[in-house]
Amino acid sequence: MTTPALLPLSGRRIPTLSPGAASFPHHRATLRLSEKFILLLILSAFITLCFGAFFFLPDNSKHKRFDLGLEDVLIPHIEAPKGAKHPGGQVVIHGQGGHDEHRHREEEESLRDKIRVDHERALQEAKEKLRKSRDELRAEIQTEKSKVVEDLKKKKEVPKPLPPVPMPKVVGVNDGDSVEPDVKEKRDKIREMMKHAWDSYRQYGWGHNELKPLAKKGHSTNIFGNSQMGATIVDALDSLYMMGLHDEFKDGQEWIEQNLDFSVNAEVSVFEVNIRFIGGLLAAYYLSGQEVFKVKAVQLAEKLLPAFNTPTGIPWAMVNLKSGVGRNWGWASAGSSILAEFGTLHMEFVHLTYLTGNPAYYQKVMHIRKLLAKMDRPNGLYPNYLNPRTGRWGQHHTSVGGLGDSFYEYLLKAWLMSDKTDTEARKTYDDAIEAIERHLIRKSNGGLTFIGEWKNGHLERKMGHLTCFAGGMFALGADGSPDDKAGHYLQLGAEIAHTCHESYDRTVLKLGPEAFKFDSGLEAVAVRQNEKYYILRPEVIETYWYMWRFTHDPKYRQWGWEAAQAIDKYCRVSGGFSGVKDVYSSNPTYDDVQQSFFLAETLKYLYLLFSSDDLMPLESWVFNTEAHPLPVLVYGV
C-alpha cells in the first residue's frame with residue numbers, strides 16, 4: 001500500500017536534438033579527441049624522459065630513497081628490528097650497513113635500466129603515432145575505447161552463489177478453478193483485464209516503471225528516482241503466474257535477466273522498493289523456482305542496507321542505490337522517518353536472511369522492533385513519525401491509514417509467517433489493536449463503523465481508502481486473539497468492509513474516493529475535491545477477499561464484482577487502465593496513470609476472490625502489503 005504522500009509526480013522530459021543537429025558536434029568532438037591524444041603521447045614521453053634523468057644524477061646520501069622507515073607506518077603490525085630508528089629516520093640494522101648499501105645500489109641500477117627501456121619504447125610509439133593519418137588515429141582510438149568497454153564488462157563482479165536452503169512448503173500455486181460456471185466467467189474476465197493492462201504496458205511502456213495509458217508512453221514517479229527499473233514488470237510477475245499467463249511471465253523474466261540493474265545513480269524509496277521489488281522478486285522465486293529472481297532480490301537488498309546507517313538504526317526513507325547516501329522526505333515532521341515505512345520491512349528481510357544465511361537483514365528489523373518496544377506511546381498509540389537521529393517521536397499523529405497502516409499489518413503477519421512462533425510480534429499487535437479500538441474506532445450516527453485519525457489529542461472523523469485494508473487485517477488476526485475475541489474481530493472486519501462498500505456505493509461511478517468523512521450529516525462521502533479521486537487502489541477489494549475466505553458470505557463476491565465492473569467501465573481505455581479524478585462525476589477526467597499496484601494487488605485480489613480456496617491457501621502463504629505472497633517459514637530463522 002502506498003501512502004498518500006507518495007502519489008506520482010510528473011517527470012521532466014529531456015529535450016532531444018534532431019539527427020542532423022546532433023551529427024556535427026559529434027564530428028568536431030572526434031577531431032579534438034584525436035589531436036589531444038597525440039599531444040598526450042608527446043607529453044607523456046617528455047615526462048618519462050625527465051623522470052628517468054632524475055635517476056641518472058650523481059648519488060648523494062641526501063637523496064636516499066629507500067630507507068625511510070615506512071614499514072612501521074604502512075605495516076603497523078610488524079615491529080621495527082632491534083636497533084632501528086623510528087619512522088622518519090634511516091633504518092640500519094647493526095652489523096649489516098655495508099651489505100645494505102651495496103644491495104640498494106644494485107636496486108637503483110636495475111630501476112635505471114628499466115626506466116631507460118620504458119622511455120625509449122614510449123618515444124618509438126610516439127614516432128609511429130605521428131606517421132599515421134587522422135583516419136587511422138580515429139580508428140585506433142575507437143578500437144581502444146571498445147577494448148576498455150569489453151574489459152569493464154569482463155571485470156563486472158559475478159554475484160556469489162547463494163547457499164542452498166530447504167525450499168519452504170509451496171502449495172496451491174496452480175489450483176483455484178471454480179466448478180460454478182458464473183464464478184468461472186467472472187474469473188476469466190479478471191484475467192482478461194490483467195492481460196489488457198499488461199499488453200498495454202508491454203506495447204507502450206516496456207521497461208519504464210509505469211504506464212501513461214492515454215498518452216501511451218512510459219511513466220515514473222519520485223519513489224523510483226530517475227531510473228527505469230521496470231516496476232510494473234516486477235510487481236506483476238506473481239499475478240501473471242497465478243493467472244496462468246505464462247508467456248507474459250516469461251517475457252517479464254527475460255527483461256529482468258537482461259535489463260534489471262541496481263547499480264544506478266538513483267534515489268529511491270526504501271519502503272516502496274522493498275515491498276514492490278524485493279517482495280515481488282521473492283514471490284516470483286517461490287512460485288516459479290527460477291533462481292534469477294532470488295539473486296536479483298539479494299542484489300537489491302544489499303543496496304538498501306546503507307539506509308540503516310543512522311544514529312538510531314531507524315532507516316532513512318530514501319537511499320541512493322549507487323552512493324548509499326540516505327535522507328528523509330522534506331515534508332515529514334522535522335526530518336522524521338515514517339512508521340509505515342520503517343515498520344514494513346520485516347517480512348521481506350526475514351526471508352532474505354533465510355535465503356542468504358546473512359543475519360544482517362533479520363538483525364536490522366529486530367532492532368527496530370526492540371527500539372519501539374522501549375519507547376513511551378501516548379495513549380498506547382504509535383505516532384506516525386520518528387526522528388532517526390534523536391530516536392524521539394515527531395508530531396503526535398496516529399493513523400491506521402496512510403503513514404501508519406502496514407506497520408500494524410506486518411506485526412500480525414510476522415507472527416503468521418513464523419508459523420505462529422513469533423509470539424512477541426503477536427503480543428505487540430494485540431496491544432496496538434486494543435489501543436486503536438479504544439481511541440480511533442467509532443460508530444457514526446448512521447451506524448457505520450469507521451477508523452478515525454488521532455491528531456494532537458483529538459479524533460478526526462475521517463477515514464482513508466488506505467484504511468479499508470484493516471477489515472481484512474482484523475479478520476486475518478481473529479484466530480489467536482486474546483480473551484476469546486475471535487468472533488469480535490471477525491465481526492469488526494465485517495463492519496469495516498460494510499463501511500468501505502458504502503463509500504463506493506454512494507458515488508456516481510461506484511468507485512471509492514481517496515478519503516471520506518463522518519460529520520456534518522455526511523457519512524462515507526468525500527468533501528474536498530482533492531479527496532474525490534480513485535487511483536485504482538486495492539484496499540477495499542483486499543478486505544472483500546479476506547472476508548470471503550473466512551466467511552464465504554456471497555455478498556463479498558457480489559461487492560467485488562460491482563467494483564470490477566466499475567473499473568472496467570470507467571477506468572479502462574484503449575491503452576490500459578487509468579485512475580479518475582472525481583468519482584462523483586458522471587463524466588470524470590482521467591489522471592493518465594496505470595499504477596503498478598493495479599496489476600500487483602487490485603487485479604490479483606479480484607482474481608483470488610473468484611477462485612477456490614485451494615489457490616494460495618492462507619495456512620501456507622502470507623501476503624506482503626503489495627500482495628506478494630511469501631511462504632510460511634516452518635524452519636524459522
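Is glutamate 539 buried or exposed? Glutamate 539 counts as buried, at 1% relative accessibility; buried means under 20% relative accessible area, exposed over 50%, and partly exposed in between (1.4 Å probe, protein chains only).

1. Basis. This is a predicted model, in which local features need pLDDT of at least 70, side-chain atom pairs count only at pLDDT 80 or more, and totals for chains, interfaces and linings use all residues. Residues are numbered from 1 along each chain as its sequence is written, and side-chain values use heavy atoms, with hydrogens and water left out.

2. The chain overall. The protein chain has 19 helices and 19 strands; these are DSSP runs (helices H or I, at least four residues; strands E, at least two), numbered from the N terminus. Of its 637 residues, 52% count as buried. Among contacts (heavy atoms within 4.5 Å) with a separation of 6 or more, 69% are between residues 24 or more positions apart. The accessible surface is about 29,700 Å², and carbon and sulfur atoms hold 54% of that area; accessible areas come from the Shrake-Rupley method with a 1.4 Å probe, and for residues only the protein chains shown count as cover.

3. Annotated positions. An unreviewed UniProt entry places the feature "active site" at Glu272, Asp405, Glu514 and Glu539. UniProt positions are given in the numbering used here, feature names are shortened, and annotations may be inferred rather than shown by experiment.

4. Glutamate 514 and glutamate 539. Glutamate 514 is in the loop between helix H16 (486-505) and strand S14 (515-519), and is buried at a relative accessible area of 8%. Glutamate 539 lies in helix H17 (residues 539-551). The glutamate 539 side chain makes a polar contact with the side chain of histidine 465 (3.0 Å). A polar contact is a pair of N or O atoms within 3.5 Å; within protein, one must be able to donate a hydrogen and the other to accept it, and residues adjacent in sequence count only if both atoms are side-chain atoms.

5. Tryptophan 329. This residue is in the loop between strand S5 (326-327) and strand S6 (337-338). Tryptophan 329 counts as buried, at 6% relative accessibility. Its side chain makes a polar contact with the side chain of glutamate 341 (3.4 Å). Tryptophan 329 and alanine 317 are twelve residues apart along the chain, and their C-alpha atoms are separated by 6.6 Å.
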